Amino acid sequence: MPALLHGHSLMAHFARSDMLRRWGGGNRLARRLLIALVGFSSIITAVITTVDLYTGYRRDLQAISESLRFIETSAVPSLSRSVWQVDGELTQSQLDGLLRLRDIEYAGIEVQGRTRWAAGTVTSSRQQVVTLPLAQTEGGATVGIGTLRVVAGIDHAIQRVWDRALIDLLSNGIKTLLVAGFVMVVFHRLVTQHLMRVADFVKQIEIHPGGLAAPPETLNLRRPASKPGQADILDTVKDAINGLLRSLYRAQVDLHASHERLSESELRFRLAMEAAGAGLWDCDFAARRLYGNEQSARILGLSAKELAVAPRFWRRLLHPDDAAGTMETIRQHLAGATSDLRIEARMRHARAGWRWMSVRGGVVERGAANEPLRAVGALVDIDSRRLAEEALRDANRYLESRVRERTAALQEARDEAERANQAKSDFLSRMSHELRTPLNGILGFAQILQAETALNERQARAVNIIQQSGQHLLTLINDILDLARMGAASLDLYPEPVQLGPYLGVIGEMVRVSAEAKGLRFSLSVQQDLPSVVCVDPKRLRQVLLNLLSNAVKFTDTGEVVLRVRRVPAGATVLRFEVQDCGIGMNAEQLARLFRPFEQVSDAKRRQGGTGLGLAISRELARAMGSDLHVESRLGEGSLFWFDLPLPAAEETAVSGRLHTLPPQATQGER
C-alpha cells in the first residue's frame, strides 16, 4: 500500500506541473517549442542568406572582371586607332561608352605622362584599377602611343549585397514567424490540450490508505480513435494510465488477499516446524524470544522454556575458542553485510558436553532503519561429521608425509642416476680418446703403406682392409660418443655465420663424387631468394646432411639423388632441407624401426660398413637445432627425408673471405 500511495503522489505532481497549464496561463512547453523553432530557423536562414550573399558578391566581382576583359579585348584596339589618328571627338565618345559598362566609374587616356582624354569620376572607396597599353602598328613596327587607365568601383557591388541581405532577412523572418505560429497552434490542438485532459483526470483520482474505493473510470481524450497498428504517443500514454489504474485496483485487491494468505501461512509454518524432523528456529528480535521446534531443543538438550529465552544467553552456549569468530559473523549478518548466515561451531549440550553444531538461516524481515526484526533457520548436530573430517585430515597428513619421503627417495635416485650418467659420459670420452690415439697411428701408417708402389696385390688388399676397418672403427667411436652426449643432454651447438651457397656446394661436390662412382646422378636444387648468409652450427648441419646423402647413395642402385633447399613457407626464415633418392625404399614395418640406435632395417648385404647409429644421431641433432627429421618412403620407389630449420639471416661481412669445408671422412650411410 505505501507503494500505491507513492505512485499516486508522483502522478499528482505530474498533473500540477507548469508544463501542462492552460494555453492562457502560460504554456511553457509551447514557448520552448516556439523558441526552438525560431532559433533553429534563424540559424538556417542566416547560413543560407550568408551563402547566397557571398555567391552574389562573387558574381558581381566576376561581372567587373568580365567588363575589364571586354575593355582589354574590344575597346583597346579601337581607342588605339582613335588616339593614333588624333580623333579627339571619337576618343571621348568611346571613353563615355566605357562608363556604361557595369560598375565602371572612370576611364582616361594618358599620353606622355599627361591625361589627354577622360570620362567619369571615381566615387568609390574600394576600387579595382587596370592600366592597359595603347599601341599602333605601322610598317611592321609597333609604336606605343599611351595608356588607358580604367577604374571599377566595388562599393556598388557591396551595396547591392546589403540590399539583398535586408530583403532576404525580412522575408525569411516573416516566414519563420508564420510557420512557428502555425506549429504552435497545431501542437496545442494535437498535444497540449490532450495532456491537460490527462492532468485533470489524474488529479481527480484519490487513493486512501485502504486502497481505491471502487474500480477507476477510464481516461478518454475525446479524439478520433486511431486505426489498428497506427497508435501514436498520446494513445500510448492513455493506455498506460488506464492500465496503471487497473493494476492499482488489482494490486489493492491482491494485497488484501495476500494479508489473509499470510496469516494462514504463519499458522501453517508453526505447524510445519513442529512436524519437521530437523531443528528449525524462528527468532523474534523485538521480543527477544527464540521459537524452536522440539528437535531444536533436543539437539541442545534444553527445554522449550529455556530455548525461548536462548537469545539472552546465546554467547554462553558457544565454546570459548569459537565464541569471538562466531559472534563477529552474526554481527556482520545482522548489519546486512551478508545475505545468509552460515556457522559451524562447538556448542554446549546440556548433558553431552561440547558438540559441533551447524546453524543455517538468515534475517527475513528488517525495519525502516535496516534493523533486523525476524530471522529463521535450521540447527543441525554435525559432531559425527566433524569427527570423520578430523580423521580424514589426519590420514591426509600421514599420506603427505609418506609422499614427501618417497619424493626425497626419488630425488636421491635421480641424483644417483645423473651421477652414473655423468660417469658413463666421462668413461666414453676417455675411452674415445684412448682408442682414437692408436687408431690414428694405424690409419696414418695404412695411408703411408697405400702410397707405396712396391706392394703386391695381396699386400695392397690387406692394407686397404686395415685402412677401411680402422676408418669404420673411428666412425663407430665418434657415433657412440655423440650418442652418449645426446643421452646426457650435453651436446652443445656453436652457431656462426655461414655462406649458404658455397657451403651447400662443397657438400654437393663431396656427395657427387661417391654418387658418380656408383653411376648415379646427383643434383643440388637451391631456391633463388634464400639468404646468402645464415647463422647455424656448420659442423652439425653438415653431419646431418652427409648422413642422409650417404644413405641415399648407398641404397640407390640406379637413378638420381637430389638435395633441395627452399623456404617453408614462402618468405619465412624457415628453410626446408630435403634428400630424395630412387632407391630400394622401405615398408611401414621398417619405417617404425628406422630411427632406433644400432638398428639397420635393410638386408644383410647392404648392412656392411654401417653402425646403425647415423639416422638416430641425425634425428637427435635435428631436434637439438629446433627441428625434427621426417621420412616418407614406399618399398621399391625410393625415400624422401626432410627437416625444417629456422635459420635467421646474418651479416655477409661476418664471413667475408671464409668458407667452411668438409672433413676428410664422413659418417657412412646405413638403414
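Visitor: What makes strand S1 (residues 104-111) and strand S4 (residues 141-153) a pair?

Guide: S1 and S4 share six bridges in the antiparallel sense, and pairing takes at least two DSSP bridges, so the two strands pair. For example, Ile104 has Ala152 in S4 as its bridge partner. This is a predicted model, where local features need pLDDT of at least 70, side-chain atom pairs count only at pLDDT 80 or more, and totals for chains, interfaces and linings use all residues. Residues are numbered from 1 along each chain as its sequence is written, and side-chain values use heavy atoms, without hydrogens and water.

Visitor: Which strands are the edge strands?

Guide: The open sheet runs S2-S1-S4-S3, with antiparallel pairing. Strand S2 (114-120) and strand S3 (127-138) each pair on one side only, which makes them the edges. From one strand to the next, the twist averages 20°.

Visitor: What does helix H3 touch on the sheet?

Guide: Helix H3 (residues 88-98) packs against S1, S2 and S4 (contact: heavy atoms within 4.5 Å), its direction making about 45° with that of S2.

Visitor: Why is H11 called roughly parallel to H12?

Guide: The axes of helix H11 (residues 500-517) and helix H12 (residues 538-554) cross at roughly 25° and come within 11 Å. Angles under 35 degrees count as roughly parallel, so H11 is roughly parallel to H12.

Visitor: Which residues of H11 and H12 make the contact?

Guide: Among them are Leu504, Ile507 and Val511 of H11, and Leu541, Arg542 and Leu545 of H12. By class, the contact has 11 nonpolar, one polar and one charged residues.

Definitions and conventions. Helix = DSSP H or I, 4+ residues; strand = E, 2+ residues; numbered from the N terminus. Axes fitted to C-alpha atoms, helices over the stretch in contact; angles between N-to-C directions. Parallel < 35°, antiparallel > 145°, perpendicular 65-115°, else oblique. Nonpolar A, V, L, I, M, F, W, Y, C, P; charged D, E, K, R; others polar.
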